Amino acid sequence: MKTLISSRSLIYLSFVLVGSVLRFYAATFGNNLDLESWKIVTDIVSVDGNVYSQTSRYNYGPVWFNILSLQSMLTLDNSLQTVGYYVTAILTLVDLMISAWLFRIYGLMPACIFLINPVSIIITGYHRQFDNIAFLLGAISVTLYSRAIGRLSEIISLITLGFSLATKHILFLFPLWMYMRNKKNCFRLDVLAIPYLIFAFSFLFYINFESINGIVDNVFLYRSFNNSPLIRPLLSDYLFSNVPKFFCFIALMIFVGYKSRSSNLYDLLNKYSISLVIFSSAIANQYLAICVPAISTRPKNLFYFMFSILAGLFLIVHHDGLHVNFPFFSLSDINVYSGCTWLLLIGLVSDCLKDKKYV
């Protein structure tokens with residue numbers, strides 16, 4: 001028994017080491033626009049400025065810029081390179097925590113697969129977007145809620161979910177999914193109220209006459225690329241330009257959440273993160289990493305494997321990725337995003353058909 005435990009631990013630690021090294025290796029390829037935004041934010045917070053009134057390049061809750069502010073406290077060097085390696089270190093640590101969560105809930109293989117997935121490696125190491133922090137807080141919230149033994153522990157889990165929204169609001173519809181899952185939901189409005197109130201109240205310390213417009217315009221009203229890659233290949237240019245893409249996305253997410261109301265909370269979180277990428281009205285490079293923890297829990301799903309290969313190759317050669325020049329290999333953004341969303345959709349449907357408990 002001791003030998004078995006030791007072997008599993010050694011295997012896992014090997015993947016931890018390889019995954020961490022690969023993330024820092026990706027950081028050596030340079031940076032993209034997002035890191036330049038984090039540098040701007042770091043410069044603002046280092047002199048106690050208000051991010052929401054001084055830049056339009058920050059579209060999230062206050063948790064992330066407070067994490068960035070720690071960098072200026074730890075070092076006097078606010079250069080782009082130093083900020084870059086600081087962010088990579090933080091996000092790599094978060095990936096390791098997600099992997100540990102996967103190890104505890106799902107076992108060794110999903111934890112290791114997540115660590116060496118090329119999408120998570122490149123987004124964490126090079127792209128340096130922080131969706132993984134929001135996912136980790138959501139995973140902690142789900143774990144606490146699943147194991148809650150009283151009202152206080154349930155409230156703590158919902159507050160944690162609120163902090164996930166205040167970091168990056170990728171789980172903004174997940175409280176509604178949890179609410180629809182609850183059989184006594186008419187008496188459990190706190191499942192909805194607490195996370196959204198935490199998100200809203202997180203801005204209170206930063207609201208003034210100068211910042212209020214920035215918060216409204218750059219956070220609540222912000223829209224990324226309106227490319228809807230799932231439906232783009234199916235519609236003519238005229239139809240595509242006239243489809244209310246964001247409202248279709250919301251409607252589809254609510255429908256899937258309702259159909260998934262019998263799932264356990266862990267499966268619910270996984271299906272949410274996969275569905276978010278599938279149906280999103282706007283996808284950019286970093287969105288591809290949101291579903292990686294979820295698809296890692298299904299290592300036998302061929303379509304998820306194909307997604308990882310396609311998305312990984314795309315991030316390696318893309319001008320907003322590692323921009324490695326592969327001869328005779330070129331992929332357009334919309335074609336890759338469409339291919340990725342369709343692979344995820346087929347993979348999700350196949351999982352639901354094979355495993356009735358997953359529905």
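1. Cys 112 first. In this predicted model, Cys 112 is buried because its relative accessibility is 6%. The closest cysteine sulfur belongs to Cys 291 and lies 19 Å away, too far for a bond. A disulfide would need the two sulfurs within 2.5 Å. The disulfide count comes to zero.

2. Cys 248 sits in another accessibility class. Its relative accessibility is 30%, so Cys 248 counts as partly exposed.

3. Now the charged pairs. Side chains of opposite charge can pair when their charged atoms come close. The count here is seven salt bridges.

4. Asp 95 and Arg 23 form a salt bridge, with N to O at 2.8 Å. Asp 95 belongs to helix α5 (residues 80–106) and Arg 23 to helix α1 (residues 2–27), so the bridge ties together parts 72 residues apart in sequence. Are the two partners buried or exposed? Both Asp 95 and Arg 23 are buried.

5. Lys 168 has a relative accessible area of 8%, so it is buried. Asp 131 is buried as well, because its relative accessible area is 6%. The cut-off for buried is under 20%.

6. Arg 151 forms a salt bridge with Asp 190. The closest N and O atoms are 2.4 Å apart. Again the link spans distant parts of the chain: Arg 151 is in helix α9, Asp 190 is in helix α11 (residues 190–201), and 39 residues separate them. How exposed are the partners? Arg 151 has 42% relative accessibility and so counts as partly exposed. Asp 190, at 15%, counts as buried. The pair belongs to a network: salt bridges with shared partners join Arg 151, Glu 154 and Asp 190.

7. Next, the packing of α9 on α10. Helix α9 covers residues 151–167 and helix α10 residues 174–181. Their axes come within 11 Å and cross at roughly 150 degrees. The two helices are therefore roughly antiparallel, because angles over 145 degrees are classed that way. Which residues of α9 and α10 make the contact? From α9 come Leu 158, Leu 161 and Leu 165. From α10 come Phe 174, Pro 175 and Met 178. By class, the residues of this contact are six nonpolar, no polar and no charged.

8. Last, Leu 144, which is found in helix α8. Its relative accessible area is 35%, so Leu 144 is partly exposed. Setting aside neighbours within four places in sequence, Leu 144 is in contact with Ile 156, Ser 157 and Thr 160. Ala 166 is 22 residues from Leu 144 along the chain, and the C-alpha atoms of the two are separated by 18 Å.

Terms used:
Residues are numbered from 1 along each chain as its sequence is written. This is a predicted model: local features need pLDDT of at least 70, side-chain atom pairs count only at pLDDT 80 or more; totals for chains, interfaces and linings use all residues. Side-chain values use heavy atoms; hydrogens and water are left out. Axes are lines fitted to C-alpha atoms, for helices over the stretch in contact, and angles run from 0 to 180 degrees between N-to-C directions. Helices (H or I, at least four residues) and strands (E, at least two) are DSSP runs, numbered from the N terminus. Angles under 35 degrees count as roughly parallel, over 145 as roughly antiparallel, 65 to 115 as roughly perpendicular and the rest as oblique. Contact means heavy atoms within 4.5 Å. Ala, Val, Leu, Ile, Met, Phe, Trp, Tyr, Cys and Pro count as nonpolar, Asp, Glu, Lys and Arg as charged, and the others, Gly among them, as polar. Buried means under 20% relative accessible area, exposed over 50%, partly exposed in between (1.4 Å probe, protein chains only). A salt bridge is a side-chain nitrogen of Lys or Arg within 4 Å of a carboxyl oxygen of Asp or Glu.
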